[in-house]
Amino acid sequence: MPYAERMVVTKAPPSLLYMVKQVELVVRSRLDELLKPTGITALQYTSLTVLERHDGLSAAQLARDSFVTAQSVADVIRSLETRGLVRRERNHRNRRELLILLTESGRDVLARHAEPVRELEERMVRDLTAHQTDQFRQALSKAWQSLS
């Protein structure tokens, strides 16, 4: 038997880190498409959704919860504030700290995009059963907690 026929080529599956990054990139691209008419980026949208769940965060907290650096979140906050989607307010417990709060306009942007974003998420898991989707969510949460 010739050597080429005896060689068995097996390809290793892609690493989980690679696969997670691929999903993140395609989600970000699709979010950018959805948000383009509003003029905000996926990163800005993420920050708005974080504030929707935990309004009145410091910039440092918002950066951590939005998975960006303090410098990046400063740019995001400035842009969102200029557009009237967030406002800054002194923390009455610590006057040196500014808290970031959603405005009604920010809430309106989130409300307008709730359905398209939900549809995107459904599209992402459409080939999974409800049980598999729940397991996927739990697995992602555990992976995140392990690295945090």
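Two strands are said to pair if DSSP finds at least two bridges between them. Helices (H or I, at least four residues) and strands (E, at least two) are themselves DSSP runs, numbered from the N terminus. With those terms in place, I can begin with the sheet: strands S2 and S3 run antiparallel and are joined by 5 bridges.

Before going further, a word on the model. It is a predicted model, in which local features need pLDDT of at least 70 and side-chain atom pairs count only at pLDDT 80 or more, while totals for chains, interfaces and linings use all residues. Residues are numbered from 1 along each chain as its sequence is written, and side-chain values use heavy atoms, with hydrogens and water left out.

Let us return to the sheet. It is open, with 3 strands in the order S1-S3-S2 and antiparallel pairing. Strand S1 (57-58) and strand S2 (86-90) each have a single partner strand and stand at the edges, so one side of each has no neighbour in the sheet. Between S1 and strand S3, which covers residues 98-102, there are 2 bridges, again in the antiparallel sense. Leu-57 has Ile-100 of S3 as its bridge partner. On the other pairing, Glu-89 stands opposite Leu-99 in S3.

How much of S3 is covered? Here I use "buried" for under 20% relative accessible area, "exposed" for over 50%, and "partly exposed" for what lies in between, with a 1.4 Å probe and protein chains only. By that rule, 4 of the 5 residues of S3 are buried, and the strand is mostly covered.

The loop between S2 and S3 contains Glu-97. This residue is partly exposed, its relative accessible area being 26%. Contact, in what follows, means heavy atoms within 4.5 Å. Setting aside residues up to four places away in sequence, Glu-97 touches Ser-58, Glu-89, Arg-90 and Asn-91. Glu-97 and Ser-58 are 39 residues apart in sequence, yet 7.0 Å apart in space, C-alpha to C-alpha. The side chains of Glu-97 and Asn-91 also make a polar contact at 2.6 Å. A polar contact is a pair of N or O atoms within 3.5 Å; within protein, one must be able to donate a hydrogen and the other to accept it, and residues adjacent in sequence count only if both atoms are side-chain atoms.

I turn now to the helices, starting with H3 (42-53). Its 12 residues reach 17 Å from first C-alpha to last, close to the 16 Å expected at 1.5 Å a residue. The expected span is 1.5 Å times one less than the number of residues. Of those 12 residues, 9 are buried, so H3 is largely enclosed by the rest of the structure. Among them are Leu-43, Tyr-45, Leu-48 and Val-50.

Gln-44 is buried, at 9% relative accessible area. Its side chain reaches the backbone nitrogen of Thr-41 at 2.9 Å, and makes a polar contact with the side chain of Ser-79, also listed at 2.9 Å.

Next comes the loop between helix H4 (59-66) and H5, where Phe-67 lies. Most residues other than glycine have a negative phi. Phe-67 is not a glycine, and has a positive phi of about 65°. With 60% relative accessibility, Phe-67 counts as exposed.

Arg-78 lies in helix H5. It is partly exposed, at 44% relative accessibility. The side chain of Arg-78 makes a polar contact with that of Asp-75 at 2.6 Å. Arg-78 and Gln-138 are 60 residues apart in sequence, and their C-alpha atoms lie 34 Å apart in space.

Finally, helix H6 (residues 104-124) has 21 residues, which should span 30 Å at 1.5 Å a residue; its end C-alpha atoms are 30 Å apart, in agreement. Where does H6 bend? The bend is at Ala-114, by about 45°, and the proline Pro-116 follows within four residues. Such a bend is the angle between axes fitted to the seven residues ending at a position and the seven starting there. The buried residues of H6 are Gly-106, Val-109, Leu-110, His-113, Val-117 and Leu-120. Their cover includes helix H2 (16-35), H3 and S3.
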